[in-house]
Amino acid sequence: MKIRVGLGYDVHRLVPGRELWLGGIKLDYPMGLLGHSDADVLIHAICDALLGAANMRDIGYHFPDTKAEYKDVDSKLLLSETIELIATKGYRVGNVDATICAEKPKLNPHISAMQQVLSKLMKVDIDDVSIKATTTEKLGFTGREEGLSAYAVVLIEKD
């Protein structure tokens with residue numbers, strides 16, 4: 001068995017007038033993330049980690065913000081397509097460990113729903129999807145509630 005590890009990171013600005021999507025679920029919050037797609041920072045970080053582990057560049061290379069077909073696209077579709085992309089090289093997801101950085105909203109009540117959605121999309125057991133949430137103790141753009149970021153580490157494997 002061959003295994004590879006990848007690291008992903010994403011950040012988006014919080015703005016009024018947008019829905020807030022994180023980990024493939026919609027959260028009830030007065031602001032959302034600004035981006036060409038739905039700007040789901042968690043899914044974007046996971047996609048980058050998967051693509052990096054498979055040595056397949058990054059999310060912007062495969063799903064550029066210059067293409068109209070990706071305007072306001074549901075990031076769950078991007079993750080599904082990323083899973084298909086890494087499969088072309090014989091890889092499948094082993095596990096994911098991710099962290100979302102946000103002062104607000106509080107994410108703990110939503111983590112299990114995110115795990116359920118993401119495990120189905122990645123075709124892994126829910127126990128293979130770890131999601132954590134943290135604040136930045138009021139420091140930086142996240143602390144000022146200007147945006148959110150996410151980090152993801154993945155293990156991919158092939159026989």
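Q: At what angle do helix 3 and helix 4 pack, and how far apart are their axes?
A: In this predicted model, helix 3 and helix 4 (residues 111-122) pack at about 35°, and their axes are 9 Å apart.

Q: What about helix 1 and helix 3, what is their packing angle?
A: Helix 1 (residues 41-53) and helix 3 (residues 75-87) pack at an angle of about 10°, with axes 10 Å apart. An angle under 35 degrees counts as roughly parallel, and the two helices are therefore roughly parallel to each other.

Q: Which residues make that contact?
A: Helix 1 contributes Ile 43, His 44, Ile 46, Cys 47, Leu 50 and Leu 51. Helix 3 contributes Ser 75, Lys 76, Leu 78, Leu 79, Thr 82, Ile 83, Leu 85 and Ile 86.

Q: How many nonpolar, polar and charged residues is that?
A: The contact of helix 1 with helix 3 has 10 nonpolar, three polar and one charged residues.

Q: What does the side chain of Thr 82 reach?
A: The Thr 82 side chain reaches the backbone oxygen of Leu 78, at 2.8 Å.

Q: Which residues does Thr 82 touch, not counting those up to four places away in sequence?
A: On that basis, Thr 82 touches Cys 47, Leu 50, Leu 51 and Phe 63.

Q: Changing topic to Cys 47: why is it too far from Cys 101 for a bond?
A: A disulfide requires cysteine sulfur atoms within 2.5 Å. The sulfur of Cys 47 is 18 Å from its closest cysteine sulfur, in Cys 101, and is therefore too far away for a bond. The count of disulfides comes to zero.

Q: Are Cys 47 and Cys 101 buried or exposed?
A: Cys 47 is buried, with a relative accessible area of 0%. Cys 101 is also buried, with a relative accessible area of 8%.

Q: Where is Leu 22 found, and is it buried or exposed?
A: Leu 22 is in strand 2 (residues 20-22), and it counts as buried, at 0% relative accessibility.

Q: With which residues is Leu 22 in contact, leaving aside neighbours within four places in sequence?
A: The contacts of Leu 22 are Leu 27, Leu 33, Asp 40, Val 41, Leu 42, Leu 107, Met 114 and Leu 148.

Q: What separates the C-alpha atoms of Leu 22 and Gly 32?
A: Leu 22 and Gly 32 are 10 residues apart along the chain, and their C-alpha atoms are separated by 9.7 Å.

Q: Now the loops: where is Glu 69, and is it buried or exposed?
A: Glu 69 is in the loop between helix 2 (59-62) and helix 3. Glu 69 is exposed, with a relative accessible area of 54%. Its C-alpha atom is separated by 26 Å from that of Asp 28, 41 residues apart along the chain.

Q: And Lys 106, where is its place, and is it buried or exposed?
A: Lys 106 is in the loop between strand 5 (92-101) and helix 4, and at 58% relative accessibility it counts as exposed. The C-alpha atoms of Lys 106 and Val 153 are separated by 22 Å, with the two residues 47 apart along the chain.

Terms used. Residues are numbered from 1 along each chain as its sequence is written. This is a predicted model: local features need pLDDT of at least 70, side-chain atom pairs count only at pLDDT 80 or more; totals for chains, interfaces and linings use all residues. Side-chain values use heavy atoms; hydrogens and water are left out. Axes are lines fitted to C-alpha atoms, for helices over the stretch in contact, and angles run from 0 to 180 degrees between N-to-C directions. Helices (H or I, at least four residues) and strands (E, at least two) are DSSP runs, numbered from the N terminus. Angles under 35 degrees count as roughly parallel, over 145 as roughly antiparallel, 65 to 115 as roughly perpendicular and the rest as oblique. Contact means heavy atoms within 4.5 Å. Ala, Val, Leu, Ile, Met, Phe, Trp, Tyr, Cys and Pro count as nonpolar, Asp, Glu, Lys and Arg as charged, and the others, Gly among them, as polar. A polar contact is a pair of N or O atoms within 3.5 Å; within protein, one must be able to donate a hydrogen and the other to accept it, and residues adjacent in sequence count only if both atoms are side-chain atoms. Buried means under 20% relative accessible area, exposed over 50%, partly exposed in between (1.4 Å probe, protein chains only).
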